[in-house]
Amino acid sequence: MKTHEPGTEQQGEERYSGTERGDAGGSGRRGGARDGRTDVVTAGPADDGVPVTVSAEGLPDWLDPVAGAARTVRPQQLSRFLPPESGAGRQSAVLVLFGEGARGPELLLMERAGSLRSHPGQPSFPGGSLDPEDGDQATTGPLRAALREAEEETGLDPRGVQIFGVLPRLYIPVSSFVVTPVLGWWRTPSPVGVVDPAETARVFTVPVADLTDPANRATAVHPSGHRGPAFLVESALVWGFTAGVIDRILHFAGWERPWDRARQVPLDWRA
């Protein structure tokens, strides 16, 4: 059962402004505590019959830059907020799901219900805390949690999702969540929508073309002084952790277009 929405917590300045796209570099190592990345393994099917494996085979060509960045990007290039070395923090995962829609490549997002006390109406990736049945938090646990939460929140069929990459774990200090972004390709799309109106207001997709459009980009400014990237798309303001991950994916995939970083969108204390 979902106990939180990690994709909506405020993370402050999400960008790692000191790194250019060409510096993603690194050894390509896929796992271990040194870079905060979840070890990638192949596991058999869970009780729901959905196997957990990570493979970039058969991806559409346009996703190759994302898969390549996932293999090489370092945690510090994604955020200045990294998990404590002590191992403390509440383990969670989000599903960053790419599909193809009427307008080309797109991302799946959801919007929290306006009645919630925490971050009402804020868009996020599907995701939540790891449950014991998800398994080892250092290997397949985040993968299973991302798929399970996405199914619970949006109704998608996880059997149609191909996991092709895992980004390094990131940290949300305000809530102590350690979040693993799991990258998925919606190989076989399935119907999605609101499963529980008390938790979710809507489920929607955003064309990548809209996310890269400079006219839809801005810097969100919280009253506390935190600043970070924001996207004004599909009648929604995407900011915080979710916007930070999207911003870095666009950057390291080479999809980012120059945009006006001086354009600001103020947030209020309820955000």
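## A bridge between two strands

Thr-219 has a bridge partner in strand S12: Gln-264. This pairing comes from a predicted model.

## The four-stranded sheet

S9 and S12 belong to an open sheet of four strands. The order is S11-S10-S9-S12. The pairing in this sheet is mixed. In general, strands of a sheet pair through backbone hydrogen bonds, and they do so either parallel or antiparallel.

Which strands sit at the edges? They are S11 (236-238) and S12 (264-266). Each of these pairs on one side only. Neighbouring strands are also turned against each other, by 40° on average with direction ignored. Helix H4, residues 240-252, packs on this sheet. H4 touches S9, S10 (227-233) and S11. The direction of H4 makes about 85° with that of S10.

## The nonpolar cores

In soluble globular proteins, nonpolar side chains tend to be buried together. Here, the largest nonpolar core holds 39 residues. Val-66, Val-96, Phe-98 and Phe-164 touch the most other members. Helix H4 supplies the largest share of this core, with seven residues.

Leaving out residues up to four places away in sequence, Phe-98 touches Trp-62, Leu-63, Val-66, Glu-106, Leu-107 and Phe-164, among others. The list also includes Gly-184, Trp-185, Trp-186, Val-208, Ile-249 and Trp-255.

## A buried threonine

Thr-200 lies in strand S8, which spans residues 200-207. Is Thr-200 buried or exposed? Its relative accessibility is 4%, so Thr-200 counts as buried; the cut-off for buried is under 20%.

What is Thr-200 in contact with, beyond its neighbours within four places in sequence? The contacts are Met-110, Glu-111, Arg-112, Ala-113, Glu-153 and Val-194.

## The whole chain

The chain has 271 residues, and 55% of them count as buried. Its secondary structure comes to four helices and twelve strands. Take the contacts with a separation of 6 or more: residues 24 or more positions apart account for 73% of them.

The chain exposes about 11400 Å². Carbon and sulfur atoms supply 50% of that area.

Note on methods
Residues are numbered from 1 along each chain as its sequence is written. This is a predicted model: local features need pLDDT of at least 70, side-chain atom pairs count only at pLDDT 80 or more; totals for chains, interfaces and linings use all residues. Side-chain values use heavy atoms; hydrogens and water are left out. Two strands pair if DSSP finds at least two bridges between them. Axes are lines fitted to C-alpha atoms, for helices over the stretch in contact, and angles run from 0 to 180 degrees between N-to-C directions. Contact means heavy atoms within 4.5 Å. Buried means under 20% relative accessible area, exposed over 50%, partly exposed in between (1.4 Å probe, protein chains only). A nonpolar core is a set of buried Ala, Val, Leu, Ile, Met, Phe, Trp, Tyr and Cys residues joined through side-chain atoms within 4.5 Å. Accessible areas come from the Shrake-Rupley method with a 1.4 Å probe; for residues, only the protein chains shown count as cover.
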